[in-house]
Amino acid sequence: MTQHEDYVTYEQAVKLKELGFDWSLNTFYSSQGVKGKVYRNCSTGDLNTLDHNLDYFLEKGFMYSAPTLAMAAKWLRETHQWHIIIIPQMWKGLVFDYSLWHTMRGYENKNRGFNFSSYEAALSAGLTAVLEILINRAKEE
């Protein structure tokens, strides 16, 4: 785990699990530890992975898989057809914005007007927006 890896937040990890995220990873959040701290699975070695979203771990209130922002965005594209488009805005002093695009629905929340200081901050905000849309739609069904 390096300082250059940007992980989803604890809250995003919980929502990803609720939506069915099941990729095997070697990084996780512990519901019993510091909520914002990403842990590495050392018991099986750094190269081995484990789906920390398995019911076994969740029943014990133990772990949630902690994907990077890029992994979560890829999963949303592949599983739910949601794309998070990051837009650099050079004319505003190099800040970033995001747009959401769905394969069947087109743009949603386009040109939100937020000015994030980094690509990763904009990606994280876009990820949160997509997760909220998906969870709200799941509750309506």
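Here's a quick tour of this predicted model, from its overall layout down to a few residues and a pocket.

The protein chain has four helices and six strands, where helices (H or I, at least four residues) and strands (E, at least two) are DSSP runs numbered from the N terminus. Starting at the N terminus, those elements go α-β-β-α-β-α-β-β-β-α. Of the 141 residues in the chain, 42% are buried, meaning under 20% relative accessible area with a 1.4 Å probe and protein chains only.

A word on the ground rules: residues are numbered from 1 along each chain as its sequence is written, and side-chain values use heavy atoms, with hydrogens and water left out. Because the model is predicted, local features need pLDDT of at least 70 and side-chain atom pairs count only at pLDDT 80 or more, while totals for chains, interfaces and linings use all residues.

**Contacts across the chain**
- Take the contacts in the chain with a separation of 6 or more: 54% of them are between residues 24 or more positions apart. A contact here means heavy atoms within 4.5 Å.

**Strands**
- Strand β1 (residues 27-30) pairs with strand β3 (residues 63-65) in the antiparallel sense, over three bridges; two strands count as paired if DSSP finds at least two bridges between them.
- In that pairing, Phe28 sits opposite Ser65 of β3.
- β1 is covered on both faces, with Thr27 and Tyr29 buried on one side and Phe28 and Ser30 buried on the other.
- Strand β4 (residues 82-89) and strand β5 are antiparallel partners over eight bridges, and Ile87 stands across from Asp97 in β5.
- β5 (residues 95-102) is mostly covered, as seven of its eight residues are buried.
- β5 also runs antiparallel to β6, joined by three bridges, and the two make a hairpin with three residues between them.

**Gly106**
- Gly106 belongs to strand β6 (residues 106-108) and counts as buried because its relative accessible area is 18%.
- Leaving out neighbours within four places in sequence, Gly106 is in contact with Leu100 and Trp101.
- Gly106 and Trp82 are 24 residues apart along the chain, and their C-alpha atoms are separated by 9.4 Å.

- Gln12 is part of helix α1 (residues 10-18), and its 3% relative accessibility is why it counts as buried.
- A polar atom of the Gln12 side chain lies 3.0 Å from the backbone oxygen of Ser124.
- Beyond residues up to four places away in sequence, Gln12 touches Leu69, Ser124, Leu127, Thr128 and Leu131.
- Leu69 is in helix α3 (residues 69-80) and is buried, at 5% relative accessible area.
- Leu69 and Ser124 are 55 residues apart in sequence, yet 6.7 Å apart in space from C-alpha to C-alpha.

**The largest pocket**
- The largest pocket holds about 160 Å³ of space. A pocket is an open set of points on a 1 Å grid over the protein atoms alone, where a 1.4 Å probe fits, with protein on both sides within 12 Å along at least five of seven lines; lining residues have an atom within 4 Å of a point.
- Its lining residues include Leu19, His80, Trp82, Arg105 and Glu141.
- Helix α4 (residues 119-140) gives the largest share of that lining, three residues.

Definitions and conventions:
Grid points are joined across faces, edges and corners, and a volume is the space filled by probe spheres set on the points. Buried means under 20% relative accessible area, exposed over 50%, partly exposed in between (1.4 Å probe, protein chains only). A polar contact is a pair of N or O atoms within 3.5 Å; within protein, one must be able to donate a hydrogen and the other to accept it, and residues adjacent in sequence count only if both atoms are side-chain atoms.
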